[in-house]
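Welcome, and thanks for taking a look at this one with us. Please have the sequence and the 3D view open as you read.

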Amino acid sequence: MRSDINKPVWLGACAAGIAVCAALNQGVLHPLWVRNYAPKNLSVSSGLAPDQMLLALAGFREMVASILWVRADTYFDQGNYDAVLPIIRMVTWLDPKQIDVYSTGMWHIGYNFTDEQSRSDRRYLPSALALGAEGAKNNSETYEMYFETGWMWFHKINDQYDNAVTWFEKASEKSDIPPARRNMLSSAYQRAGQLDKALKLYYDQLNKAEISMKEQLDQVTAFTARQQRDTVEKNLDVFLVRMSQRGNFNADGTATELFDTQPPFDVGFSAEVSVIDAAVLRVRATWNVRPVGTRIRVILRDADYPNGTDAGMDFGASDSVNLDPPKNLTFMQDELFIRNRRADKKMDMSRDPTMYTFSKDKYYLDFYYNPRSAPPHIQDRFGFLGEGMTDKNYLNTTARNGERVIFHRMELTRDMLKREGEWIDKMPILRTPNFIEGSSTRTGEEELIKVPGLLNK
Amino acid sequence: MRAIFNIARTTFGEAVRRKIILIILILGLAFIIITPGLGILSPRSERAAVTSLTLGLIQMTSALLAITLTIYLVPNEIDRRTIYTILCKPVRRYQFIWGKYLGAVATIGLMLLMMTLVLLAVFAFQFNDRGFNAAEAAELAKAPLMFFFQMSLLAAVAMFFSVWTSPIVNFFLTSGTYIAGTVFNGVFETLKESRSTSPILRALSEAVQAILPNFGRFQVQNAAVNPGQVIQSEAVYFGTAIGYALLYIVVMISLASVLFENREV
Amino acid sequence: MGAAIEIIDLVKTYKTRNNKVNVVDHINLEVNEGEIFGFLGPNGAGKTTTIKILLGIIYQNSGIARVLGKEVGDMQIHREIAYLPEKPYYYEHMTGIEILQFYASLFGNIPKEKCQQLLERVNLANDSTKTISQYSKGMQQRIGLASSLLNDPRLLFLDEPTAGLDPIAHIEIRDLILGFRDEGKTVFISSHELSDVERICDRVAIINKGKIEMQGRLEDLLRGGRYEITASGVPEELGRKVEGKDWIVSFAQDRLIVDMPDSDSPNELMQSIIAAKGSILSVIPRRKRLEDLFVETVRNKEVSK
């Protein structure tokens, strides 16, 4: 006789068991697994070869990532920078914990793509920053990627310092940040004009360094602690002197009549742009400041560049890592170095047609100067926030949210830049109204920036 | 219970002597031992890559062992007619199935234990000067522990298929179920969560994930590969995952027993 | 004593691609307790299928099958029966004693000493610690028999117990089986070794193409032997006179050989030979053989088909 087990009852019980399992899986296991154990970025497409994908999916992600990164080394050596880009994306997808790849990738994208005149391709910067942000999100337990992203804002973009502050602050909150690296936050505070915070941090760092030194440590750590103490002490001293020189401790904002940042110094900016050949500009400028150290930023971009701003773009607007920016965009950034109160520079974009496609009709040429990035000897006159600087024609407080900057925009057309159409035989020349050809019209020592203690008694 | 235990013991004794099982085990152990010697990995992430690779190898090897071992358990007994000598004794069919299954699980457990011990030895040798201590060994051993439950569940699936399919068909069915529950788990999750997935595909993904055992839940090696992360509610997770495995195993073996009850051998 | 096995109108059907085949086709069978019963048939006749149904390994489509008074499938039966399959396979890594201990454990209530006693009974006590892989075919068969006796069964199913054995092993197994009957056990043997069946079985049944062609006591089935009478110096006309009546007469040189059924008395013929001044050289009674019966039964079936 056949078995007398009650089949429907058993099958029903098994179905109920599976339902309980499904509920356990969805209700308890899934959220905890995703939080604790899931590899990140499961849904990002990667461009891996099928065998690599299979290995990756089968649980060998980190191994495949390592092998790919070693291969990237070869491409670096060969100078094949384009080939490194997809590897960066693949490796960070496979192994989001490989911090090295994020930081190297950021550096590579941000610094290594240049034109014939060594100007960086700034179109990659949003992707570099997005990569940094992604790396920080995936490695939130360590300071490293926060620091790297802050550094990119501070050093590469060298503007909009609030962003550098934000990232350095996040890095500073992590327990593994070396004290020396936290010092960068003070520098960022200074550039951002948050002087109280810079000062407070210096004192905080000094206290911490003193405490470290007093602990019974091994030789190496003791040396590092002493070095940190000395560095912070020096930086603090310099900072205090500067604050004093720039009038920050006086109620009326003055220091002395010799070191005052008041009244504001008129820099007398003027400029002339000539399109001397297709995609070749001659840029001339005047600037009243005699001591060297002034660099005026020149930006040429599509008028409708995505996220374009005055004198630049919103580099942090996008969080997608696009390693292949649209080739039809144009963004050039260069600098005018002022010598003897003048600058005269040829900006040749003709040798990089892929980088400067000039495929749009309208362009902006922006001139921009931010005193927050001025060298100390100039800041001694201009102040930390540019309160000692002015220009009767081109002082601007809207381009950077209330900050005092020098800003002027010229508009060009494609035809002008390519010397086509009506401009085939005619050279486009744009000038500020105050531009005067030839020698400087300003003389007089009263307009010099006086260096205290050297020329004047 | 005695019958189940004794059938399990006999199954274990036979299984550990099967040449194919020993070959797979030896190959797995060999790969684990040579992994640290792969000098192509960058120094900074050597530990992470070695951890990932060795744990991945253990998982793959034990999966292959579990499938190879279990797909032949019942068919071999029928082919050799040893099953007759057992079923003509006062042994119920479900006792036979449970006994064979538990014997397979004991074998898998032994193999995993051996691989784990070799893994720990390799790590102690390779990373002793870089702070590999007992606490880290315990952390590392959590992954193979979960693999054991994962493979026990896999063996239960293979057992279920073995009572009504041939070994070759069983191999592909069980492997497919395992791949769906691990490698393609992420794909199903993406399909479920993506807004652009069609309703039919979403429903299919939900159904597949609900019915098929989710082997991916036992892949906890990420914590060992990337130490220093804060793991939330670890005890709850482990307890629930083990409970999930045990319940699913009971379901699978019960289904196998029900099907086997009326099977003519 | 009651019936050890009772089969009433048993049917087992298998479906092939195009039709259904009754592998066991309405068979009726009864085996009494305490006898050795031979179950014979050509390959594919349905012997193994019938045995598997009785063991509860497969299930009949219709009909009744009872073992020791209970319906097949009753777990209690399994405590009282034993089965030795054709070409048994045992776990090769186990020793003889371990095999017995394993099977004993499945019953749960068998004392350990019994395993050793059984090994002695089947003359394997000196080989108990060897693994099965080291056993010869005869030894494996004996270990199988030993394992069959663990639970002191009332009924044993033996499928080809002597197949492939050398003559000495053959005899040993046969003697063991005879010993079972002496102990009051019922033995159900399926075998192609007709000489063995003829020697040891009390009753037999012949199954062919799913049907029982005949069953009964051997002596009844094998009734109908013949006499062979050889004489010399007999004139040819006598030879011609005695032809017919299902007698086979042959004349070679001066010898007359007459093959006659034992239902006819040879006395009249012998008197005729003496009267004809011939010499009777031999009178040999030849009993009907099981082999003849088997062949006859199977061939008749084919012819009638």
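Among contacts in chain A between residues at least 6 apart in sequence, what percentage join residues at least 24 apart? The figure is 65%. Please keep in mind as you go on that this is a predicted model.

## Chain A and its sheet

Chain A is built with 12 helices and 13 strands. It has 457 residues, and 40% of them count as buried.

## How chain B meets chain A

Where chains B and A touch, 45 residues of chain B are in contact with 39 residues of chain A. On the chain B side, the elements giving two or more residues are helix H3 (46-71), H9, helix H10 (199-211), helix H11 (222-225) and helix H12 (234-261). H12(B) provides the largest share, 13 residues. Sorted by class, this side of chain B holds 22 nonpolar, 19 polar and four charged residues.

## How chain B meets chain C

Chain B also touches chain C: here 21 residues of chain B are in contact with 20 residues of chain C. Helix H1 (2-15) and helix H5 (82-87) of chain B each bring at least two residues to this side, and H1(B) gives the largest share with six residues. By class, the side of chain B that touches chain C has eight nonpolar, five polar and eight charged residues.

## Confidence along chain B

How far does the prediction back up chain B? Its mean pLDDT is 88, and 97% of its residues reach 70 or more. Among the elements of chain B, helix H6 (residues 93-127) has the highest mean pLDDT, 94, while helix H9 (residues 185-193) has the lowest, 74. H9 of chain B is also one of the elements listed for the side that touches chain A.

## A strand in the open on chain C

Is strand S14 (residues 279-286) of chain C largely buried or largely in the open? Of its eight residues, the number buried is zero, so S14(C) lies largely in the open. This strand is joined to strand S11 (residues 226-232) of chain C by seven bridges, and the two run antiparallel. Within that pairing, C:Ile229 has C:Val283 as its bridge partner in S14(C).

## Two residues with positive phi

Most residues other than glycine have a negative phi. A:Arg419 is not a glycine, yet its phi is positive, about 55°. You will find A:Arg419 in the loop between helix H12 (414-418) and strand S13 (429-431) of chain A. With 19 other C-beta atoms within 10 Å, A:Arg419 is partly exposed.

C:Lys277 also has a positive phi, about 65°, although it is not a glycine. C:Lys277 sits in the loop between helix H9 (267-275) and S14 of chain C. It counts as exposed, with 9 C-beta neighbours inside 10 Å.

Key:
Residues numbered from 1 in each chain as written. Chains lettered and ligands numbered in written order. Predicted model: local features only at pLDDT ≥ 70, side-chain atom pairs only at ≥ 80, totals over all residues. Contact = placed C-beta atoms within 7 Å. Helix = DSSP H or I, 4+ residues; strand = E, 2+ residues; numbered from the N terminus. Nonpolar A, V, L, I, M, F, W, Y, C, P; charged D, E, K, R; others polar. pLDDT = per-residue confidence, 0-100. Buried ≥ 20, exposed ≤ 12 C-beta atoms within 10 Å, placed from the backbone. Pairing = 2+ DSSP bridges.
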